[in-house]
Amino acid sequence: MSVSVQQADFDVGMETSALSAGDDGAGAVASFVGLVRGEDIHAMTLEHYPGMTEKALAEIVAQAHTRWQLRRVRVIHRVGRLLPGDRIVFVGVSSSHRGDAFAACEFIMDYLKTRAPFWKKEDTAAGGRWVDARESDDSAASRWEK
Amino acid sequence: MTIKLLYFASLRERLGTPGESLELPAGVDSIAALRGHLAARGGDWQVFATSTSLRAAVNQAMAGPEAGVKAGDEVAFFPPVTGG
């Protein structure tokens with residue numbers, strides 16, 4: 001399955017290897033791992049909309065396939081309580097040549113940030129605080145809209 | 001004529017409920033009309049009238065204010081997403 005929403009951690013090495021295992025046509029694998037920044041938080045809780053989350057991610061992956069020549073795509077997003085340094089998200093893409101893999105990986109992350117129904121709540125010394133959406137994420141996503 | 005309503009994240013906390021089953025009143029046939037109906041409850045529910053950032057989904061797909069709402073639909077309201 002190319003999309004997973006799960007509480008459990010994932011193995012970056014295993015996931016990256018699986019993108020090209022047994023595929024002689026794969027010439028490039030690009031991946032991204034997002035982490036919990038721990039500068040001023042104790043923990044972070046990720047809430048999501050079960051059902052819609054998986055659909056939104058599958059739709060983003062399908063769009064990436066129409067834009068670039070991709071071989072395999074893997075998206076994993078964790079939910080629940082995470083600690084500083086924990087992995088949150090994995091996006092991996094394999095393709096014949098590097099350009100498609102690099103671009104698709106970035107596109108999927110940009111769209112995930114603005115279209116997939118996840119919400120972060122930070123646990124800070126001052127109490128719980130919902131993370132505000134950032135305008136820079138919207139502009140990062142909008143650059144693909146042409 | 002009922003719909004399933006879901007609220008997420010800061011909106012869920014503010015309203016004090018993750019969702020409800022709602023008998024759809026006559027004339028409430030769009031996201032905009034539904035927001036007006038919920039805002040009329042007053043108190044914290046006025047966020048449906050005052051918030052410009054609130055997002056909506058109908059049957060698990062993002063939906064604008066003009067999107068239709070009909071019996072049996074699953075309608076969700078939530079703040080802008082912050083995953084990744």
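Student: In which hand does α3(A) pass α4(A)?

Tutor: This is a predicted model, in which local features need pLDDT of at least 70, side-chain atom pairs count only at pLDDT 80 or more, and totals for chains, interfaces and linings use all residues. Residues are numbered from 1 along each chain as written, chains are lettered from A and ligands numbered from 1 in written order, and side-chain values use heavy atoms, without hydrogens and water. A crossing is left-handed if the near helix is turned anticlockwise from the far one by less than a right angle, and right-handed if clockwise. Here α3(A) crosses α4(A) in the left-handed sense.

Student: What angle do helix α3 and helix α4 of chain A make?

Tutor: Two packed helices are described by the angle between their axes and the distance between the axes. Axes are lines fitted to C-alpha atoms over the stretch in contact, with angles from 0 to 180 degrees between N-to-C directions. Helix α3 (residues 98-115) and helix α4 (residues 135-142) of chain A pack at about 130°, their axes 8 Å apart.

Student: Which residues of α3(A) and α4(A) make the contact?

Tutor: Contact means heavy atoms within 4.5 Å. From α3(A) come A:Asp110, A:Tyr111, A:Lys113 and A:Thr114, and from α4(A) A:Asp137, A:Asp138, A:Ala140 and A:Ala141.

Student: Is A:His48 buried or exposed?

Tutor: Buried means under 20% relative accessible area, exposed over 50%, partly exposed in between (1.4 Å probe, protein chains only). A:His48 is buried, at 16%. Among the residues that A:His48 touches, beyond four places in sequence, are A:Trp119 and B:Phe8.

Key. Helix = DSSP H or I, 4+ residues; strand = E, 2+ residues; numbered from the N terminus.
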